[in-house]
Structures are given as structure tokens and as C-alpha cells.
Amino acid sequence: MVDLADAARRVLDAIRPHIGEGKVATYIPALGNVDPHQFGFAVAGIDGTVHGAGDQDVRFSLQSVSKVFTLALALSRGDEAIWRRVHREPSGTAFNSLFQLEFEHGIPRNPLINAGAIVVTDQLLAETGDALGLLRDLLRAETGNPDLDVDRVIAASESETGHRNRALAHLMASFGNMRNPVEQTLDHYFRQCSITVSVTELARAGLLLARHGLQADGSRLLSPQDARRVVSIMLTCGAYDAAGEFAYRIGLPCKSGVGGGILAIVPDRCAVAAWGPGLDAQGNSVTATLALGTFGSITGWSIF
Ligand code: DON
């Protein structure tokens, strides 16, 4: 029997000497203002009980972790058409890389790199008229925080400096793979990345996938098959060009964000969230990556 409260404490003890390692993302200037000497860890058991350690209640920018939830929302609509607009293969390239997208005729490799996530948001926006609103409502329900919202300073900073995302979106538009005007979709995309959460909240939200698509109120968002599909894409694509290294070191499906957060899923057992603002060269948090590896060693849990 694994004691999750004890595991969370032991993870913090192991990570303490590493707190502050890595480089805070500065390509989105507002993210550069975050104090790197912070670390939070939380694990939400399948029964909903959360055990945390460190800066477990400090909010940070969700960034690319949001892509998992927009993908879940798109699949929850039973809309297989999304798979004509985005593939499901790991890219082996950086999350904001452009060159592969041109070779592959404007169809992104997967929904967790920026281009793919922009397509998913575009699809949700075209189908529902409010991609950000849907995501915010889902995350409010699943985190249990009715005030969860976008950090407007970060959203503005992302938009001001979002040249690469604009380039990706315009390239896709040139291949006929955008359904809304580029700026409209990007407005939703920038804001979805700028939602703030704590690790406690993120671990709770991750239970949606650990419970195979069941929401906190017991209703079903995703079929078990679609929940499994989302988790499989996290494993193969959730850490970009470090996805292989993550599978090797951590052995769990993960999704990282440049805010320093990583969400990991242990199906049927728990959802784990770790956060430290300092990143490695691939844009994955140094301490959150270490923490998830440590958690795996302590519990012996892996999908392999
Ligand atoms: O679009 C971007 O570049 C950011 N809003 C999100 C990138 C991100 O989090 C990549 N993760 N490691």
C-alpha cells in the first residue's frame, strides 16, 4: 500500500537541493518575472484526496499543459474530424518549430505541439464559438476552484511576442488548415495558455484522465477509449523532443508547460502535478521532471 502523503514529503526532500535549477522562460517576457526558487508537488489519489508538499498552493501559468484539456474537450464532442487536421505522431522537434509543418503540408504532427494545439483550439472555436470559455468552465469544475482564470498580463505578453505562433497559424492557413481568422483563434490560444493553477488544482483536474474520462461530479466527459487516447498522446508527445527521455526516466504519460508545470497520469491510481519554474533546453521543468522520476521510484508506479 503506497502512502501518498509520505511519498509527497519524500519527493520534496529529494528535490530540495535542486530548487532554483534551470532557466525561467523569457521568450514570453511576463514569465521571466517568476521567482525560480519555488517548487510545488501534489498527488491526487483516485478517491480525490490530495497530498501536497512545498509551494503546493502557489499559482503558475498552465501554458502547454492546457493542450491536454482542449484535446479532451475536442474529443468529447465525438468529432473525429479533428484527426483530418492534426496527426498523432511524436514530432522530435521543438514545440514551436516551423519547418516540419511546411514539409507536411500544414498538418501538425500532433495536438500537443503548438501548431497542433492551435488547430484544436481553432476547431473548438469553430464548433462552439468559445474555446476559452469551455476550457475555463471545465478547469473550474475539475480543479474545484470557481475563480480559476486567465492571467491577463501573461496573456498580453504572449500575444505581443507571439511571432512564432502567428507564423505557425498563418502557415496552416495557407494550406487551408484554419477555420477561423488567425488572430481570433490565437486570442483564445494565448489566453488558454495563460490560465493560472496551483499543483493542487492541476493534480485534481488530472483525475479526469486517471479516471478514464469521468469528471469530478461523476458525469462522463470522455469515453474510456478517448481518455486512453489522450493519455497515449501524452506519453508519445507530451514532452516534445524529450518524450523518449521522459518515457525512459519517468515511465508515465506526462504533459509539460513552459510555466514549469508538469502533469502526469497513473491510470486508475492518481494524477500527479509538479512545478518548478526553471526549465531545461527542451522547455521542460528541471525540478518537476526530477520530482516525477523520484515519485516513480518511490511508488514503483509506471505504465511499463
Ligand atoms: O505558445 C507557446 O509558446 C506557449 N504559450 C506554450 C508553450 C509551452 O508551454 C511549451 N511547453 N513546454
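A: Helices (H or I, at least four residues) and strands (E, at least two) are DSSP runs numbered from the N terminus. Residues are numbered from 1 along each chain as its sequence is written. This is a predicted model: local features need pLDDT of at least 70, side-chain atom pairs count only at pLDDT 80 or more, and totals for chains, interfaces and linings use all residues.

Q: What is the mean pLDDT of the protein?

A: Where pLDDT is low, predicted coordinates should not be read in detail. Here the mean pLDDT (the predictor's confidence in each residue, from 0 to 100) is 97, and 100% of the residues reach 70 or more. For the complex, the predictor gives an ipTM of 0.97 and a pTM of 0.98.

Q: How many helices and strands are there, and in which order do strands form the open sheet?

A: Strands of a sheet pair through backbone hydrogen bonds, parallel or antiparallel. The protein has twelve helices and seven strands. Five strands make an open antiparallel sheet, ordered β2-β1-β7-β6-β5, where pairing requires at least two DSSP bridges between two strands. Its edge strands, β2 (50-54) and β5 (254-256), each pair on one side only. Neighbouring strands are turned by 10 degrees against each other on average, direction ignored.

Q: Over how many bridges do β1 and β7 pair?

A: β1 (residues 40-45) and β7 (residues 270-275) pair in the antiparallel sense over six bridges. Within this pair, Phe-41 has Ala-274 in β7 as its bridge partner.

Q: Which strands does helix α1 lie across?

A: Contact means C-beta atoms, placed from the backbone, within 7 Å; angles run from 0 to 180 degrees between N-to-C directions of lines fitted to C-alpha atoms, for helices over the stretch in contact. Helix α1 (residues 4-15) lies across β1, β2 and β7, at about 20 degrees to β2. Helix α9 (residues 199-210) also packs on the sheet, touching β1, β2, β6 (261-266) and β7, and its direction makes about 145 degrees with that of β7.

Q: Which residues surround the ligand?

A: Those with a C-beta atom, placed from the backbone, within 6 Å count as near. Among them are Gln-63, Phe-95, Asn-114, Glu-158, Cys-193 and Val-258.

Note on methods. Contact = placed C-beta atoms within 7 Å.
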